[in-house]
Amino acid sequence: MGDTPDGTTPVHEPTLDEQIAVYQREFQDLDPQVEKVVSALSRLNRRMNVAYGRQTAALGISNAEWEVLKALVISGAPYRMGPSELAKQLGLTPAAMTHRIDRMTAEGLVTRERDESNRVRVIVELTDEGRSKWLDAMRAATVFEEDLLQDLSTAERGVLGDMLTRLLDRVEDLQSPS
């Protein structure tokens, strides 16, 4: 009883308050308010990644492929980028990006062709199938995200978005090369 479908026994994850109590016992200099925010963000991120992974898997694409599709869409019509631009944006090595593009080309999500104006340069372009998968993933994500935020008012969503953006800006400033 209590086993998961794969036959393993689920591991109890402590509540945030239980986790913080343990941390405070072991590390008295801990600020419980800071730890609660950071731990909640970490758990939320983990659980959201699992949910998005299930959604993309149901569409027959991986989270990694979703990231490439997203980058191409964000680049704007005609949804084209060079492999090195994609690799840099996604934090991948050129070899890893090549492997990902190979797989996505075989799946019909992107094309890879020589740039007519510079035959040395390769261009990766979103296909109609790739755009369709991106739209399907966006539709599924929208339903999930609306459900996630259903208990927050419009004003609370705005305030939360602003606060999280400030935190993100801070982290990005701290991580930017000097």
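A crossing of two helices is right-handed if the near helix is turned clockwise from the far one by less than a right angle. I needed that for the first entry. I worked on a predicted model throughout.

**Entry 1: H3 against H4**

I looked up how H3 passes H4, and the crossing is right-handed. H3 covers residues 63-74 and H4 covers residues 83-90. I read a packing angle of about 115 degrees for the two. Their axes lie 11 Å apart. Angles of 65 to 115 degrees count as roughly perpendicular, so I put H3 and H4 down as roughly perpendicular to each other.

Next I listed the residues in the contact. H3 brings Glu-67, Val-68, Ala-71 and Leu-72. H4 brings Leu-86, Gln-89 and Leu-90. I sorted the residues of this contact by type: 5 are nonpolar, 1 is polar and 1 is charged.

I then checked the loop between H3 and strand E1, which spans 80-81. Pro-78 lies in this loop. The peptide bond joining Ala-77 and Pro-78 is cis. I noted an omega of about 10 degrees for that bond.

Tyr-79 also sits in the loop between H3 and E1. I found a positive phi at Tyr-79, about 60 degrees. Tyr-79 is not a glycine.

Over residues 34-169 I get 70% helix and 12% strand. The end C-alpha atoms of that stretch are 17 Å apart.

Definitions and conventions: Residues numbered from 1 in each chain as written. Predicted model: local features only at pLDDT ≥ 70, side-chain atom pairs only at ≥ 80, totals over all residues. Heavy atoms only, no water. Axes fitted to C-alpha atoms, helices over the stretch in contact; angles between N-to-C directions. Helix = DSSP H or I, 4+ residues; strand = E, 2+ residues; numbered from the N terminus. Parallel < 35°, antiparallel > 145°, perpendicular 65-115°, else oblique. Contact = heavy atoms within 4.5 Å. Nonpolar A, V, L, I, M, F, W, Y, C, P; charged D, E, K, R; others polar.
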